[in-house]
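Student: I have a structure to look at and would like to learn how to read its features. Could you guide me?

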Amino acid sequence: MAIYSFWIFDKHCNCLFNREWTLAANSSSGTVNSKQNEETAKLLYGMIFSLRSITLKLSQSPPANEIRSISTGKYRVHTHCTASGMWFILTTDFKQQSYGQVLQYIYSHIYVKYITHNLLAPFDLAENPSETRGQGTRKINNRHFIAALESFLAPMIMQ
Amino acid sequence: MSNSSSMPAQAKSLKHAGEDIWKNRTEKVNAELFTLTYGAIVSQLCTDYERNFQKVNEQLYSMGYNIGVRLIEDFLARTALPRCENMVSTSEVVSKCAFKIFLNITPQITNWSHEKDAFSLILVENPLSDFVELPMDAMKQLWYSNILCGVLRGALEMVQLDCDVWFISDVLRGDPQTELRIKLNKVLKDEIPIGED
């Protein structure tokens, strides 16, 4: 199995965090919160946003119908959306079918632990209305969060 | 309601999920320590605001709000529940999962409004107010557990439910029961990126 990149979006449609690995052999290669990924983030968000509205329309019974993964010819996108509007997204190769538990673990044991329970940091990175609706650029730079995430995901980067 | 026949099964599984998470996946702390910590906060606020209990109520509410907006993420991480489709299922989740996991109590849900947009929670036991007896001057004005209203408001707002939450009665004030009212104002719209509409 190999993972290519990891993303977090909030309910304001902003990309809060992105991590891209470039060399499978080196788990510290690649970029964290790169400016160059802004455009990719918007495209990725748009793709998932559109597919989400389609799946919601196509589901017959009222309980929410969330997309779990999207497969393309080259990679697979795994999504985990929470009721509070956070999106956790992982792009991977095809070797493993589901990363649902991985994303759930990142949310409950890394994000909630280091970001939500960090009471002195703002709980919402969009500070004013001009940073909502996908226009915000603030990123998660919490050292504990990044370190815990890296060490959790490192074993999955190797091919 | 079209799906009313499926409600009991759903409610049962929520109850089961709440109990399971409480039993197996929640670290426990001494309830007395918790009760006394909360008591210390309230008594400090009463001193700080020179026994202006209106102000104390407001301050407890806003402290609760700040807790609620974070606690919701903790709650969702533990339960992985999706959004509720209506207030009936919201009330079940609040009573059987949220109160169970965080306070180990299951308040009764009653007094539904005609439009099913408001309900009451009856707190038969309230761990915040164990050992508490209000002094005479606070009896009429202080809502001792007002932090709960703030927590509920903050948490519900984070799942796009704009609600008013307030106490109707409290055994500490000599009422027969402790009743907390939740009323839905509106379901907030999810944001969409600029240029999508």
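**Helices that pack together**

Tutor: Let's begin inside chain B: B:Tyr38, B:Ile41, B:Val42, B:Leu45 and B:Cys46 of helix H2(B) meet B:Phe53, B:Val56, B:Gln59, B:Leu60 and B:Met63 of H3(B). Contact here means heavy atoms within 4.5 Å. Helices are DSSP runs (H or I, at least four residues), numbered from the N terminus. This is a predicted model, in which local features need pLDDT of at least 70 and side-chain atom pairs count only at pLDDT 80 or more, while totals for chains, interfaces and linings use all residues; side-chain values use heavy atoms, leaving out hydrogens and water. Residues are numbered from 1 along each chain as its sequence is written, and chains are lettered from A and ligands numbered from 1 in the order in which they are written.

Student: How do the residues in the contact of H2(B) with H3(B) divide by class?

Tutor: Ala, Val, Leu, Ile, Met, Phe, Trp, Tyr, Cys and Pro count as nonpolar, Asp, Glu, Lys and Arg as charged, and the others, Gly among them, as polar. In this contact of H2(B) with H3(B), nine are nonpolar, one is polar and none is charged.

Student: At what angle do H2(B) and H3(B) pack?

Tutor: Axes are lines fitted to C-alpha atoms, for helices over the stretch in contact, and angles run from 0 to 180 degrees between N-to-C directions. H2 of chain B (residues 31-48) packs against H3(B) at about 135°, with the axes 9 Å apart. The two are therefore oblique to each other; angles under 35 degrees count as roughly parallel, over 145 as roughly antiparallel, 65 to 115 as roughly perpendicular and the rest as oblique.

Student: Is the crossing of H2(B) and H3(B) left-handed or right-handed?

Tutor: A crossing is left-handed if the near helix is turned anticlockwise from the far one by less than a right angle, and right-handed if clockwise. H2(B) passes H3(B) in a right-handed crossing.

Student: Which way does H2(A) pass H3(B), left-handed or right-handed?

Tutor: That crossing is left-handed. The axes of H2(A) and H3(B) come within 9 Å and cross at roughly 160°, so these helices are roughly antiparallel to each other. From H2(A), the contact takes A:Gln104, A:Tyr107, A:Ser108, A:Val112, A:Ile115 and A:Thr116, and from H3(B) it takes B:Arg70, B:Glu73, B:Asp74, B:Leu76 and B:Ala77. By class, five of these residues are nonpolar, three polar and three charged.

Student: And how does H2(A) pack with H3(A)?

Tutor: H2(A), residues 100-116, and H3(A), residues 143-157, pack at about 160° with their axes 9 Å apart. That makes them roughly antiparallel. H2(A) passes H3(A) in a right-handed crossing, and the contact has 13 nonpolar residues, one polar and no charged.

Student: How should I read empty space?

Tutor: Rolling a probe the size of a water molecule over the atoms shows where empty space is left. On a 1 Å grid over the protein atoms alone, a cavity is a set of points where a 1.4 Å probe fits but cannot get out, and a pocket is an open set with protein on both sides within 12 Å along at least five of seven lines; lining residues have an atom within 4 Å of a point. The second largest pocket is lined by 23 residues, with A:Tyr111, A:Ile115, A:Pro122, A:Phe123 and A:Asp124 nearest its centre. H2(A) gives the largest share of that lining, three residues.
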